[in-house]
Amino acid sequence: MNDWSRANFLDLNTFRGLGEDPVYHPPVLTDRPREWPLDQWADAPRDLGYPDFARYQWRGLRMLKDPDTQAAYHDLLWELRPRTVVELGVYSGGSLVWFRDLARLMGLDCQVIGIDKDLSRCQIPDTERTGITLREADCSQLETFEPLRGAAHPLIFIDDAHSNTFAIMKWAVGHLLEEGDYFIVEDMIPYWHRYSPALLTQYLASFRDVLAMDMVYANASSQLDRGVFRRSTTKE
Ligand code: SAM
Ligand code: MG
């Protein structure tokens, strides 16, 4: 290891998701077949090992939500009919476009708000920004969320940035969420449960009077595993 590499180390943890390359790449099938002859149908492999996560996309934009998670959000959008979806963590922006498009298809009057501390990787074309608001801000600072106070309800608030999550949850409960609104923690609950089970259960228990886990969605996919919470009472 030389001084150059030390000086230029990046915190890889900040990339999340797929990493530094936000561009969607269609699968390249150089070493494995795409076409399979039908006279050998019975011999066709059942799993050629293409990594699915890297291939998830919406209209050519990478989307880091797996099919089970997409299906759960589909059902939640249809059930709740939200007027606002807030997502912390934009990355390439594919999920924001997907939320916007799905809401439109369902005839919802819904604004989608994406917040990320680094919007340089966002690839939503200028022509596709209707109904989507992007804000470059750091989630670790609670003042980032003040402008959300005027957002329309019902509202879904998704933490897909995983920074300061429980302080943000507390802020949302105190200042934003109305009865029936959702706060969703993607991806991290199983990891936090593995590495900090006591703190995690203690933090979640502190919300017992104001949030409840919605088991329909909290069991729907590994990315949503035990991380879907619904505001159960009105603001204090
Ligand atoms: N929501 C996207 C999707 O489903 O396709 C993926 C988001 S990606 C998993 C996480 C994003 O969180 C990254 O773009 C990263 O820049 C952002 N992020 C990480 N820490 C953050 C922070 N403290 N404040 C704001 N954004 C942050
Ligand atoms: Mg996620």
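# Ligand sites and selected residues in a predicted model

Ligand 1 is surrounded by 20 residues, and the closest are K65, G89, D116, C139 and D160. Here a residue counts as near a molecule or strand if one of its heavy atoms lies within 4 Å of it. This is a predicted model, in which local features need pLDDT of at least 70, side-chain atom pairs count only at pLDDT 80 or more, and totals for chains, interfaces and linings use all residues. Residues are numbered from 1 along each chain as its sequence is written, chains are lettered from A and ligands numbered from 1 in the order in which they are written, and side-chain values use heavy atoms, with hydrogens and water left out.

## Around ligand 1

The shell of ligand 1 divides into seven nonpolar, five polar and eight charged residues. In this scheme Ala, Val, Leu, Ile, Met, Phe, Trp, Tyr, Cys and Pro are nonpolar; Asp, Glu, Lys and Arg are charged; the others, Gly among them, are polar.

Which protein atoms lie at 2.9 Å, 3.0 Å and 3.1 Å from a nitrogen atom of ligand 1? The table lists them.

| Residue | Part of the residue | Distance to a nitrogen atom of ligand 1 |
|---|---|---|
| C139 | polar backbone atom | 2.9 Å |
| E87 | N or O atom in the side chain | 3.0 Å |
| K117 | backbone N or O atom | 3.1 Å |

Taken alone, ligand 1 exposes 610 Å², and the protein buries 97% of that. Such areas come from the Shrake-Rupley method with a 1.4 Å probe; for residues, only the protein chains shown count as cover.

## The magnesium ion

Ligand 2 is a magnesium ion. Its protein donors are D160 (OD), D160 (OD), E186 (OE) and D187 (OD), at 2.1 to 2.8 Å. Donors are N, O and S atoms within 2.8 Å of the metal (3.2 Å for Na, K and Ca); water is not among the atoms, so sites may look incomplete. Along the chain, the donors follow the spacing D-x25-E-D.

Is E186 buried or exposed? E186 counts as buried because its relative accessibility is 0%. D187 has a relative accessible area of 23%, so D187 is partly exposed. The cut-offs are under 20% for buried, over 50% for exposed, and in between for partly exposed (1.4 Å probe, protein chains only).

Q223 touches both E186 and D187. Contact means heavy atoms within 4.5 Å. The side chains of Q223 and T69 are also joined by a polar contact of 2.8 Å. A polar contact is a pair of N or O atoms within 3.5 Å; within protein, one must be able to donate a hydrogen and the other to accept it, and residues adjacent in sequence count only if both atoms are side-chain atoms. Q223 sits in the loop between helix 7 (215-218) and strand 9 (228-231). Q223 counts as buried because its relative accessibility is 10%. Helices (H or I, at least four residues) and strands (E, at least two) are DSSP runs, numbered from the N terminus.

T165 belongs to helix 4 (residues 165-175). With 4% relative accessibility, T165 is buried. Its side chain makes a polar contact of 2.5 Å with the side chain of D159. Leaving aside neighbours within four places in sequence, T165 is in contact with D159, F183, V185 and W192.

N164 lies in the loop between strand 6 and helix 4. N164 is not a glycine, yet its phi is positive, about 65°. At 30% relative accessibility, N164 is partly exposed.

## Backbone exceptions

Most residues other than glycine have a negative phi, and most peptide bonds are trans. Y91 has a positive phi near 50°. Y91 is in the loop between strand 3 (84-88) and helix 3 (94-105). Its relative accessible area is 9%, so Y91 is buried.

Where is the cis peptide bond? It joins H153 and P154, with omega about 0°. P154 is found in the loop between strand 5 (132-136) and strand 6 (155-159).

## Between strands 5 and 6

D138 also lies in the loop between strand 5 and strand 6. D138 is partly exposed at 26% relative accessible area. D138 touches K117 and T144, residues up to four places away in sequence not being counted.

G150 is in the loop between strand 5 and strand 6. Its relative accessible area is 74%, so G150 is exposed. G150 and P67 are 83 residues apart in sequence and 32 Å apart in space, C-alpha to C-alpha.
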